[in-house]
Every structure is written in structure tokens, then in C-alpha cells.
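Please read the following briefing alongside the sequence and the coordinates. The points are grouped by topic, from the overall chain to single residues.

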Amino acid sequence: MLSPLVYCGPMWGGKTEGLITRLVRARIQKVGVLAFNPKANTRGEVNELRSHSGATFPAIAVASADEILERADEADVVGIDEIFMIPGIAACVRELKSRGKKIVVATLDMDSEGKVWEAVGEVLGMAEEIVKCPAVCSACKKDAYYSYRLPEAPQQRLLVGAGNYYEPRCFDCWHEGQEGKRRQKGQKTFFRTTPELP
Ligand SMILES: [Zn+2]
């Protein structure tokens, strides 16, 4: 297994499903596996990973990357869900790699403004394999790589357990939504100057 292996994309893209599948595979191979879940990730029980389709895997809830490093030597494969929520995660992944662990993670890659989570960018740089997990655009049903935040949602960057405030969108539908929010606020909008390419 290439390591770190990163499943990333918007909400509802099946990232956690991919992570769980790899961890189950390692378990069948009789390889020691430990999974970690940020305490801030409130989907389902914190002591398990849970995908939108209902697949689960036992996990240890952690508040910081140090807690992962304390337990990691109990396993050869370390799985971590939603790494963008874990402070210190990039240094942690580097350390796990130097200890010879196989690392597989799942994470949102961008916030709803289309900006990469900084620590995720670092982990993507270290990754040996990256699997993009697009969802389905809620507006036009194409592949969705963006998480659009509805205008009525609270404004802090990290909004936990608030799935109702988001929808997956393709770039064009996400961009249109962002422009609409700017217009509502009387801000400058960005017109596209090139027609859509095939
Ligand atoms: Zn769309």
C-alpha cells in the first residue's frame, strides 16, 4: 500500500467509505490496524468511523495529533478520518511515516470558499497516492468537487455537524452560488471571460 494514501474531496463524496474499505482490507490481511476520529467530528458515534452509506469501523476519538502518536505503535496501519479537524496533523503524518507506519486518511480538501485547508495541503504534498472522491452536484448532477455553503449558514470557517448548511456542487454551480452571495452583499463579482471548454 502506498503511504500516505489520501481520500479527499467535498462532503458526501464517499471519502470515509474509501478509508473504511482500506482498513477492513488490512484487517482481513491480519495486519494491525488502528483508526482515529477527531472528537470534533460529530457524525455518528465518536468511537467509530461512519460513512454516509452506514459502513462503520471502530475508532479512537482524539482531540489532537499527539494522542494519535501516543497510540500509533499498537498498529502497523493507521487510519485517520477528517484530518483537517486535527491540530498538528501534518507533523503527525510525517512522524508516522518515519516510524514505518502505513497511513491512510480521509479529509475535506477545501473549505466552502474553495480554499485548501493548510494542513491538508501539506499532507497532500507528502502523499504517495491521492484519491479524489467527487460527490454529485446538487444543482446539475455533474461530479461535484466543491462544498457550497448556503447563504443563511453561520460564517465561521469550520462549522461542525452542520451538514444541512452545505451542498456539494460542481465548479460552475458553486461559482454561480458564490457570485450570488457577493451580489447580495453588494460586493464585486467575477465574470467568466472564457466559454466552457469541452
Ligand atoms: Zn453543477
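Which residues does N41 touch, not counting residues up to four places away in sequence? N41 touches D81, E82 and M85, where two residues are in contact if their C-beta atoms, placed from the backbone, lie within 7 Å. This is a predicted model, in which local features need pLDDT of at least 70 and side-chain atom pairs count only at pLDDT 80 or more, while totals for chains, interfaces and linings use all residues. Residues are numbered from 1 along each chain as its sequence is written.

**Overall chain**

- The protein chain has five helices and 12 strands, these being DSSP runs numbered from the N terminus (helices H or I of at least four residues, strands E of at least two).
- The radius of gyration of the protein chain is 18 Å, close to the 16 Å that the globule rule gives for 198 residues, so the chain is as compact as a globular protein of that length; the radius is taken over C-alpha atoms, and the rule is 2.2 Å times the number of residues to the power 0.38.
- Taken along the principal axes, the C-alpha atoms of the protein chain fill a box of roughly 55 × 35 × 30 Å.
- Of the 198 residues in the protein chain, 38% are buried; a residue is buried if 20 or more other C-beta atoms, placed from the backbone, lie within 10 Å of its own, exposed if 12 or fewer, and partly exposed in between.
- Among contacts between residues at least 6 apart in sequence, 69% join residues at least 24 apart.

**The six-stranded sheet**

- An open sheet of six strands runs in the order β5-β2-β6-β7-β1-β8 with parallel pairing, two strands being paired if DSSP finds at least two bridges between them.
- At the edges stand β5 (60–62) and β8 (129–132), each with a single partner strand, so one side of each is left without a neighbour in the sheet.
- From one strand to the next, the twist averages 20°, with axes fitted as lines to C-alpha atoms (for helices over the stretch in contact) and angles running from 0 to 180 degrees between N-to-C directions.
- Helix α1 packs on the sheet, touching β1, β2, β6, β7 and β8, and its direction makes about 165° with that of β7.

**Strand β1 and its partners**

- Both faces of β1 are covered, with L5, Y7 and G9 buried on one side and V6 and C8 buried on the other.
- The parallel pairing of β1 with β7 extends over five bridges, and the partners in β7 include T107 for C8 and L108 for G9.
- The parallel pairing of β1 with β8 extends over four bridges, with V131 in β8 as the bridge partner of Y7.

**Nonpolar cores**

- The largest nonpolar core has 38 residues, and those with the most contacts inside it are L19, L23, A35, I83, I89, V105 and V123; such a core is a set of buried Ala, Val, Leu, Ile, Met, Phe, Trp, Tyr and Cys residues joined through C-beta atoms within 7 Å.
- The largest share of this core, five residues, comes from β7.
- A second, separate core of nine residues includes Y145, Y146, Y148 and W174.
- L19 touches Y7, L49, G79, D81, V104, V105 and A106, leaving aside residues up to four places away in sequence.

**Helix α4**

- In helix α4 (residues 118–126), A119, V120 and V123 are buried.
- These three residues cover an arc of only 100° around the axis, which puts them on the same side of α4; the arc is that of the directions from the helix axis to the C-beta atoms.
- On the other side of α4, E118 and G125 are exposed.
- The cover over the buried residues of α4 includes β1 (5–9), α3 (89–98) and β7 (102–108).

**Single residues and backbone geometry**

- N41 is found in the loop between β2 and β3 (48–50), and it counts as buried because it has 20 C-beta neighbours inside 10 Å.
- The C-alpha atoms of N41 and M85 are separated by 7.6 Å, although these residues are 44 residues apart along the chain.
- Most residues other than glycine have a negative phi, and most peptide bonds are trans.
- The peptide bond from S3 to P4 is cis, with omega near 0°, and P4 is found in the segment before β1.
- W12, in the loop between β1 and α1, has a positive phi near 65° and is partly exposed, with 18 other C-beta atoms within 10 Å.
- K30, in the loop between α1 and β2, has a positive phi near 65° and is exposed, with 7 other C-beta atoms within 10 Å.
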